[in-house]
Amino acid sequence: MDRLKQIESFVAVATKGSLTAAAHAEGVAPAVIGRRIDALEERLGVKLLRRTTRRITLTHEGAAFLEAGQRLLVDLASAEASVSAGGVKASGHLRITAPAGFGRRHVAPLVPGFIAQHPEVSLSLNLSDRVIDIVNEGYDCAIRVGDLPDSSLVSARLADNRRRCVAAPGYLERAGTPAAPAELMRHECLTLSSDASQTRGWAFLVDGQVTHLRPRGRLDCSDGQVLHQWCLAGLGIAWRSTWEVDADLAAGRLVAVLEEFAAPPNGIYAVFPQRKHMPLRVRLWIEHIRQRFADPAYWTGASG
């Protein structure tokens with residue numbers, strides 16, 4: 001119990017940004033939270049937080065442990081729900097959101113099975129490449145692809161994701177093939193518009209460091225599927241996920257470029273507001289998609 005409390009307190013402090021806020025949420029004194037963090041750091045033998053009188057920041061080890069701690073707490077909540085709910089059925093309305101292209105291919109197809117298992121749940125699915133504020137807009141869960149911005153939201157990693165620079169053979173014949181990421185600045189690049197995701201730009205591994213570029217072109221769009229179609233039409237270079245372009249690469253409709261500079265995989269996440277008592281329908285939805293995405297055979301079949 002003490003070890004679990006330590007992890008819960010650490011996650012609360014890391015997501016809320018202060019001992020006082022975490023203590024207020026739990027109804028205990030800040031000193032209690034501080035002692036738990038001290039005990040956790042002593043037990044692990046590393047510093048997780050840098051604490052000053054003005055702010056709290058995560059160390060490198062703390063950032064890694066935060067993701068693992070959040071996942072552990074979500075798994076524990078799901079395990080408790082699966083046994084403690086007993087005869088209680090999930091019910092009510094579930095509001096979820098996902099990126100448009102990914103949602104059409106990998107979220108929407110999972111909804112019928114979930115609804116069939118839980119007939120007392122109704123569901124609304126919003127598909128948009130805009131990063132939706134799920135708290136203020138009233139969503140229960142968002143599926144996010146790529147790096148997550150710092151926030152007070154809780155996330156559970158569902159699968160790995162990798163992005164690749166691709167172009168149609170016809171475009172490369174006309175414009176040439178870039179040999180380094182910096183050369184993208186002289187190419188037509190098909191980018192998501194500013195109100196969509198990828199706020200940090202395209203990621204590449206250069207000299208052992210992940211760097212971000214914001215290439216430009218005459219065309220941008222808030223819908224990733226449109227960028228995909230423009231890329232197939234030979235209008236420029238796009239930075240797309242493997243789940244979207246693998247079939248085109250295999251068929252020769254697209255060609256991968258700058259592969260030696262490809263950044264390490266990022267993640268596919270379920271993101272949800274931090275709640276002490278998460279509704280059963282939300283827990284079951286997250287577990288439903290986690291089980292499917294965790295199966296390597298799912299991605300092998302889906303990418304074909």
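Reader: How many of the residues of strand 5 are buried?

Author: Keep in mind that this is a predicted model. Strand 5 is largely enclosed by the rest of the structure, because the buried count is five of five.

Reader: In what order do the strands of the sheet with strand 5 run?

Author: Start from the partners of strand 5. Strand 3 runs parallel to strand 5, joined by two bridges, and strand 14 pairs with strand 5 in the antiparallel sense over four bridges. Strand 4 (121-127) and strand 6 (154-161) each have a single partner strand, so they stand at the edges. The sheet is open, with mixed pairing, and its order is 4-3-5-14-6.

Reader: And what does the twist average from one strand to the next there?

Author: For that open sheet of five strands, in the order 4-3-5-14-6, the strand-to-strand twist averages 20°.
Both edges, strand 4 and strand 6, have one side left without a neighbour in the sheet.
To come back to the value you asked for, the average is 20°.

Reader: Which residue is the bridge partner of arginine 144 in strand 14?

Author: Let's walk along the pairings. On the strand 14 side, arginine 144 has as its bridge partner tyrosine 269.

Reader: At about what angle does helix 5 run to strand 4?

Author: Helix 5 (residues 100-107) is mostly covered, with six of its eight residues buried. Those are Ala100, Gly101, Phe102, Gly103, His106 and Val107. Helix 5 lies across strand 3 (92-98), strand 4, strand 5 (141-145) and strand 14, and its angle to strand 4 is about 140°.

Reader: On to the other sheet: which are its edge strands?

Author: This open sheet has five strands in the order 11-8-12-7-13, with mixed pairing. An edge strand pairs on one side only, and that picks out strand 11 (220-221) and strand 13 (255-257).

Reader: What is the bridge partner of leucine 192 in strand 11?

Author: Strand 8 (residues 189-192) pairs with strand 11 in the parallel sense over two bridges. Leucine 192 has its bridge partner in strand 11, namely cysteine 221.

Reader: Two helices lie across this sheet, I gather; at about what angle does helix 9 run to strand 12?

Author: Helix 8 (residues 224-232) lies across strand 7 (163-167), strand 8, strand 11 and strand 12 (237-241), at about 170° to strand 8. Helix 9 (residues 242-251) has Thr242, Trp243, Glu244, Val245, Asp248 and Leu249 as its buried residues. Just after helix 9, glycine 252 has a positive phi of about 85°. Helix 9 lies across strand 7, strand 12 and strand 13, and its angle to strand 12 is about 115°.

Reader: Which residue in the turn between strand 9 and strand 10 has a positive phi?

Author: Strand 9 (residues 202-206) and strand 10 (residues 209-213) run antiparallel and are joined by five bridges. Tryptophan 202 sits opposite leucine 213. The two strands form a hairpin with two residues between them, and the one with a positive phi, about 55°, is aspartate 207.

Reader: Are helix 2 and helix 3 roughly parallel or roughly perpendicular to each other?

Author: The axes of helix 2 (residues 19-26) and helix 3 come within 8 Å and cross at roughly 110°, and the crossing is right-handed. Helix 2 brings Leu19, Thr20, Ala22, Ala23 and Glu26 to the contact, and helix 3 brings Pro30, Ile33, Gly34, Arg36 and Ile37. By class, they divide into six nonpolar, two polar and two charged. As for the angle, 65 to 115 degrees is the range that counts, so the two helices are roughly perpendicular.

Reader: Last one: is alanine 182 buried or exposed?

Author: Alanine 182 lies in the loop between helix 7 (169-175) and strand 8. Its C-alpha is 8.8 Å from that of proline 215, which is 33 residues away along the chain. The relative accessible area of alanine 182 is 60%, and the cut-off is over 50%, so alanine 182 is exposed.

Note on methods
Residues numbered from 1 in each chain as written. Predicted model: local features only at pLDDT ≥ 70, side-chain atom pairs only at ≥ 80, totals over all residues. Heavy atoms only, no water. Pairing = 2+ DSSP bridges. Contact = heavy atoms within 4.5 Å. Axes fitted to C-alpha atoms, helices over the stretch in contact; angles between N-to-C directions. Buried < 20%, exposed > 50% of the residue type's maximum accessible area, 1.4 Å probe, protein only. Parallel < 35°, antiparallel > 145°, perpendicular 65-115°, else oblique. Left-handed = near helix turned anticlockwise from the far one by under 90°. Nonpolar A, V, L, I, M, F, W, Y, C, P; charged D, E, K, R; others polar.
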